[in-house]
Amino acid sequence: MPLPKPPAKRGTILDPSAFDAQAAPKPARRTLKAPADESSPLELQPPPPPAAAPQVVKPLPAPIPARVVATVAAPVARPPVARPAPKAARVRSARTGPAKLFVLDTNVLMHDPMSLFRFEEHDIYLPMITLEELDGHKKGMSEVSRNVRQVSRELDALAASQGDSAKFDPAVGIPLARTGHRDAGGKLFFQTTFVDFKLPDGLPQGKADNQILGVVQALRTQQPEREIVLVSKDINMRIKARALGLPAEDYTNDKTLEDGDLLYTGVMALPADFWERHGKTMESWQQAGSTFYRISGPLVPSLMINQFVYLESPGNAPLYARVTEITGKSAVLKTLRDYTHAKQAVWGVVARNREQNFALNLLMDPDCDFITLTGTAGTGKTLMTLAAALSQVLDERRYTEIIVTRVTVPVGEDIGFLPGNEEEKMSPWMGALDDNLEVLARGETGAGEWGRAATNDLVRSKIKIKSLNFMRGRTFLNKIVIIDEAQNLTPKQMKTLITRAGPGTKIICLGNLAQIDTPYLTEGSSGLTFAVDRFKGWPHGGHITLARGERSRLADFASEVL
C-alpha cells in the first residue's frame, strides 16, 4: 500500500482521506477472514452510494468491495464514547448507596497509624486541625510520636501518588489503595477551605475538639444525602458529639474481642456423660508415666491443642488432661502431672487449685515456647512463674538466665526522674519480683542465715531486669523472658517483644485484664488479649485463666466486693 504524500510545507496537516486510506485493511485479508462479530453491524448498515466510494479509496489502485467500504465507514457512524458506558453502569450497580464519610479525630491516628486503611469501601475526611495536632506531636521517642511520624509518612505517600499537585482536585479525593492497601476501597479527603459552622455559645470556638465537631456539623449540611460519622477514641468527645445530635463512634478495629468474657480461657469442663458417649471408641495407652486417651465424637471439633479438660464427679476419680493432638475427627488427651502434691513441688511451690496445677504443667513443659497467664490479683501468676523459671534455670539448667520486664505505667502520679543505670531505674517497678523472691527464699530454712544469703545472691545473679525501651533489635538465646503487667501493652508492643525470642527461649506473659492503666486501652484492645486470641491452638503455646485467688482471705474478699 503506498504511503501518503509528505506535506510540502512545515505545519501542513495531512488530508483526512489519507488517514482513512491507511486505516483501511488490505482487501485480500479482509475479504478472506472477516471477524464474526462484524457481521451484525454490516447487515444492519446498507452499503454507501457508488458516488462516495471513489472519494474514500482515492489513493488505492483498485476499487474496494462494498463490504470493505462499509467496514471502514462503520467506526465513523458509531458514537465516539460508546464503550465506557457499561463500566460506569457496573460501578453504580455494585454500590447500593453513597459510601460513608468518616471524620477521624487525632487520637485515632495516634493510636493506630494504619487506621486510614481500616474502613473498607468508605471514605476518610481529615480536618485541618487534625493535621495541625499531628504536627505538634511528631517530636519525641515515645510510642505516640512514632505513630504520628508513621501517619505523616503514609499521608505523604498518598499525596505523592497523585503526581502533579497543580492538577490535583481536592474535591475528587485521593484513592486510599494507591499505596498498595487493596482492602481500602475509599478515598481520602482533606479540608482545604474554611468551613463556616455555628456551635452553641457555651463551647469555646478555638478548642481543637470543638473545631472538629464544627467540621462534622458543616459536612452534614453540605452533604445531606451522605452519612457523616465522627470516629474518636476520646469518650468525652463522643459524648459532646451525641449531645449536639452528631453521630459518633469509637474506633473498634483494634479490638480483638467485643466482650472480655469471650476470651479464650484454656480450660474446658467435660460433660458428665463423657465416659458413656466416648468410652466405646476410646483407645488408651501409657507412655513415660502418663496415660493417653484417643477419643472421637462430637466433642472433638470444640477442642484446641494444649487446651486443658477436666471431669470431676462425686464418687469417681477425677480426670485432668491436656489436648496434645487433633487429627481429623479424633483427639488425643494426655493426663497431667500432679503438682498439688508436696513431692512434685516446684522450687518449694505447690499448686493450691485446679487452674494452678494446669499452669504449672504449662510452665514446666519444654515444648511450650509461649505462655500467657491471666487472672485477678493474688492468683499466683508471678510466684508460679518465678518458681518454674528458677527450677529450669538452676536445677535443670535448661535455660541460662531469667529476664524480667514490665511496662512502666504508674497507677497514680509519676514520681519523676529515677537515678542510676537501667536496672536501678527499673528496681522501683519490680516490687512484685522482690516480694515473690522473698517468699521463695524463705523456704530454705535448713541452710541457716548464711545459706539463705548465698541462695539470694545466686538467684539474683540469674535474674536480669530490663526495660522495654531498649528491646528493639535484641535477640534472646536460651532464656526465659517474663513480661509482667502485660495488660498495659499495645498489640504492636507485644509483637515487638515476642519477636525478640531466639532459639531455645520461652516467653511468659502475665497480666490482669481488669487493671489496665494505659490510656485508650481496654480489655478488648489490650496486647495481652491480642496475644491470647492469636496463639490459641498453636502446638507450642498455651494459656490459662486463673480464677481463684490464693494470696490471703482478705485479698480474695476485697477482689470480689470492691
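Colleague: How do the axes of helix α8 (residues 128–136) and helix α10 (residues 208–222) cross?

Modeller: This is a predicted model, where local features need pLDDT of at least 70, side-chain atom pairs count only at pLDDT 80 or more, and totals for chains, interfaces and linings use all residues. Residues are numbered from 1 along each chain as its sequence is written, and side-chain values use heavy atoms, with hydrogens and water left out. The two axes come within 9 Å and cross at roughly 150°.

Colleague: Why are α8 and α10 called roughly antiparallel?

Modeller: Angles over 145 degrees count as roughly antiparallel, under 35 as roughly parallel, 65 to 115 as roughly perpendicular and the rest as oblique. The crossing is at roughly 150°, therefore α8 and α10 are roughly antiparallel.

Colleague: What makes the pair Trp285 and Phe292 stacked?

Modeller: Rings of Phe, Tyr and Trp (its six-membered ring) pair if their centres lie within 6.5 Å, and planes under 30 degrees apart count as stacked, over 60 as edge-to-face and the rest as tilted. Trp285 and Phe292 have 5.6 Å centre to centre and 5° between the planes, so the pair is stacked.

Colleague: Why does Phe292 count as buried?

Modeller: Buried means under 20% relative accessible area, exposed over 50%, and partly exposed in between (1.4 Å probe, protein chains only). Phe292 is at 12%, so Phe292 counts as buried. Trp285, at 30%, counts as partly exposed.

Colleague: What makes the pair Tyr320 and Phe358 edge-to-face?

Modeller: The planes are 65° apart and the centres 6.1 Å.

Note on methods: Axes fitted to C-alpha atoms, helices over the stretch in contact; angles between N-to-C directions. Helix = DSSP H or I, 4+ residues; strand = E, 2+ residues; numbered from the N terminus.
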